[in-house]
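The following report describes one protein model for a reader who works with coordinates. Please keep the sequence and the structure at hand while reading.

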Amino acid sequence: GEGYAPPRLSDDESKPPPALSDAPPDVQCDCPAWLWPRISADLGDEAEPVLRQLQNRAPVYLRVNSAITTREAAIEMLSGDEIECRPHDMGKTCLEVVRNPRRIKSSRAYREGLVELQDAASQAVVDCILAVTGPGRVLDYCAGGGGKALALAAGGAGRVWAHDISPERMSDIPERAKRAGADIVVDLAPKGPFDTVVCDAPCSGSGAWRRQPEAKWRLTPERLEHLLRTQDDILDRASQLVDQNGHLVYATCSIIRDENDARTEGFVARNPGWTTVFSRNFSPLLGGDGFHVTIFQRTAQI
């Protein structure tokens, strides 16, 4: 309270804080107050367990490049660099790193393209896509750094193209593809038609809050509404690139229903020539991030 020091605490400020156990659930779960009713309604009894899970540090997962090696061989090679991994049941190519994760990028297995960093749920989404759609001409429409494009190529999706509205996000794809032995075409203006178009759409990232804890506090009602409009626009635009009987994939790393089921239901309502053939939500309680995936098929003539 003197000179350049902060003012003295008031009587109220001097009181000990209330016990966390007495706080409302949004405070206990570290959730923005305006968003708590929405998430609570969406997840029901799982709301608190999921949000508490997202308060913890995220595990480190690797995707084994099945095009050039096996999970067992990758584990053995990583152990040579004192990186200990174990198989994770969210995917047949998934490994959880349990010791020395900071050594991954300098390891021989990573440098030679045997493994890539990728969340377990993200890998599970790719497995769902491959199981439903089969091989063909595949466009990763919101490719970003190319994680799903690489996984699709390694899984036998066929010829893979990568596109993003911000080309700079794709700057690492050529080098990553070369390291993995994958053939991925970076396309700034895809024209199609494609057999499968994958939209890993911009979203709140609520399923991955443990990776970016500050993101929940940057999210506002206005920002969420903007994201919902963007997601609708992406689905409508990407659907025009899908061939007859082809598939359109919509995915988010969100646990908010308005970004997931509400968007896919709205797409089908706006576009009667499409039908939903697969849909699943991956809970963070399974070990990976929170993820949603829906796969549509074009049924009407182009």
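## Backbone features

Asn245 has its place in strand S9, where strands are DSSP runs of E with at least two residues and helices are runs of H or I with at least four residues, both numbered from the N terminus. Its phi is near 65°, a positive value in a residue other than glycine. With a relative accessible area of 47%, Asn245 is partly exposed, a class that lies between buried (under 20% relative accessible area) and exposed (over 50%), as computed with a 1.4 Å probe on protein chains only.

Glu82, which is not a glycine either, also has a positive phi, of about 60°. This residue is found in the loop between helix H5 (71-79) and strand S2 (84-87), and at 42% relative accessibility Glu82 counts as partly exposed. A further backbone feature is the cis peptide bond that joins Gly192 and Pro193, with omega about 0°; Pro193 is placed in the loop between strand S7 (184-186) and S8.

## Basis of the model and overall form

The model is predicted, with local features requiring pLDDT of at least 70 and side-chain atom pairs counting only at pLDDT 80 or more, whereas totals for chains, interfaces and linings use all residues. Residues are numbered from 1 along each chain as its sequence is written, and side-chain values use heavy atoms, with hydrogens and water left out.

The secondary structure of the protein chain comes to 12 helices and 11 strands. Taken along the principal axes, the C-alpha atoms fill a box of roughly 70 × 55 × 40 Å, and 49% of the 302 residues count as buried. Among contacts (heavy atoms within 4.5 Å) between residues at least 6 apart in sequence, 68% join residues at least 24 apart.

## Salt bridges

A search of the whole structure finds 25 salt bridges, each defined as a side-chain nitrogen of Lys or Arg within 4 Å of a carboxyl oxygen of Asp or Glu. One of them is formed by Glu116 and Arg179, whose closest N and O atoms are 2.6 Å apart. Because Glu116 lies in strand S4 (residues 115-117) and Arg179 in helix H9 (residues 173-180), this pair ties together parts that are 63 residues apart in sequence. Both Glu116 and Arg179 are buried.

Arg137 takes part in two of the pairs described here, with Asp195 and with Asp243. The side chains of Asp195 and Arg137 meet at 2.9 Å, N to O, and the pair links distant parts of the chain, with Asp195 in strand S8 (residues 194-200) and Arg137 in strand S5 (residues 136-140), 58 residues apart. In the salt bridge of Arg137 with Asp243, the closest N and O atoms are 3.0 Å apart; since Arg137 lies in strand S5 and Asp243 in strand S9 (residues 242-252), the pair ties together parts that are 106 residues apart in sequence. Arg137 is partly exposed at 30% relative accessibility, as are Asp195 with 25% and Asp243 with 22%. Elsewhere, Asp119, Arg210, Arg211 and Asp289 are linked in a network of salt bridges.

## Helix packing

The axes of helix H11 (residues 221-239) and helix H12 (residues 261-270) come within 10 Å and cross at roughly 45°, where axes are lines fitted to C-alpha atoms over the stretch in contact and angles run from 0 to 180 degrees between N-to-C directions. H11 and H12 are therefore oblique to each other, a class that remains after angles under 35 degrees (roughly parallel), over 145 (roughly antiparallel) and 65 to 115 (roughly perpendicular) are set aside. Their crossing is right-handed, meaning that the near helix is turned clockwise from the far one by less than a right angle. Leu228, Gln231, Asp232, Leu235, Asp236 and Ser239 of H11 make the contact with Arg263, Phe267 and Arg270 of H12. By class, this contact has 3 nonpolar, 2 polar and 4 charged residues, with Ala, Val, Leu, Ile, Met, Phe, Trp, Tyr, Cys and Pro counted as nonpolar, Asp, Glu, Lys and Arg as charged, and the others, Gly among them, as polar.

Helix H7 (residues 120-133) and helix H8 (residues 147-154) pack at an angle of about 45°, with their axes 10 Å apart, and H7 passes H8 in a right-handed crossing. Ser122, Val125, Val126, Ile129 and Leu130 in H7 meet Lys148, Ala151 and Leu152 in H8, a contact that has 6 nonpolar, 1 polar and 1 charged residues.
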